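Q: Could you walk me through this model? I would like to begin with side-chain pairing and then turn to the overall form.

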Amino acid sequence: MAPSVLVQMGEQIDETARKASRAASAVADALEDGVGAARRAAKHGAHVATEFLDDTKKRVRRHPIETVVATFAAGIAAGAAIGLMIRRRQL
């Protein structure tokens with residue numbers, strides 16, 4: 001009876017090892033797919049950022065005065081917002 005228990009235990013261990021191997025393979029495949037998706041997203045993000053920068057350069061060349069006025073207004077607004085936040089914090 002002892003040899004048959006050992007045989008069954010060995011078979012169970014083999015089956016568990018096969019299942020673990022399949023699970024590890026599935027995890028490795030999922031990880032590889034995730035890395036590929038992250039690389040594609042990074043490439044796409046870089047392309048979009050480059051395109052945005054090129055568009056911005058073109059707009060600045062076409063409308064330099066409006067760009068300076070808009071930048072000045074954004075700076076004033078940011079300064080006012082920061083000033084308000086500092087005053088509220090001191091109260």
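Q: How far apart are E15 and R18 in helix α1?
A: E15 and R18 lie 3 residues apart in helix α1, which means about one helical turn separates them. Helices here are DSSP runs of H or I with at least four residues, and strands are runs of E with at least two, numbered from the N terminus. This is a predicted model, in which local features need pLDDT of at least 70 and side-chain atom pairs count only at pLDDT 80 or more, while totals for chains, interfaces and linings use all residues. Residues are numbered from 1 along each chain as its sequence is written, and side-chain values use heavy atoms, with hydrogens and water left out.

Q: What does E15 form with R18?
A: E15 forms a salt bridge with R18, and their closest N and O atoms are 3.8 Å apart. The term requires a side-chain nitrogen of Lys or Arg within 4 Å of a carboxyl oxygen of Asp or Glu.

Q: How many salt bridges does the rule give?
A: The count is 1 salt bridge.

Q: How exposed are the two partners, E15 and R18?
A: E15 is partly exposed at a relative accessible area of 27%, and R18 is partly exposed at 44%. Buried means under 20% relative accessible area, exposed means over 50%, and partly exposed is in between (1.4 Å probe, protein chains only).

Q: And E32: where is it?
A: E32 is also placed in helix α1, and at 58% relative accessibility it counts as exposed. E32 and R18 are 14 residues apart in sequence and 21 Å apart in space, C-alpha to C-alpha.

Q: Changing topic, which residues make the nonpolar surface patch?
A: L6, M9 and I13 make a nonpolar surface patch of about 320 Å². Patch residues have over 30% relative accessible area and no salt bridge; like charges are joined within 9 Å, and nonpolar side chains (Val, Leu, Ile, Met, Phe, Trp, Tyr) within 5 Å. Areas come from the Shrake-Rupley method with a 1.4 Å probe, and for residues only the protein chains shown count as cover. L6 belongs to helix α1, residues 2-62, and is exposed at 55%.

Q: What is the secondary structure of the whole protein?
A: The protein has 2 helices and 0 strands. Its radius of gyration is 31 Å, well over the 12 Å that the globule rule gives for 91 residues, so the protein is more spread out than a compact globule. The radius is taken over C-alpha atoms, and the rule is 2.2 Å times the number of residues to the power 0.38.

Q: What share of the residues is buried?
A: Buried residues make up 0% of the 91.
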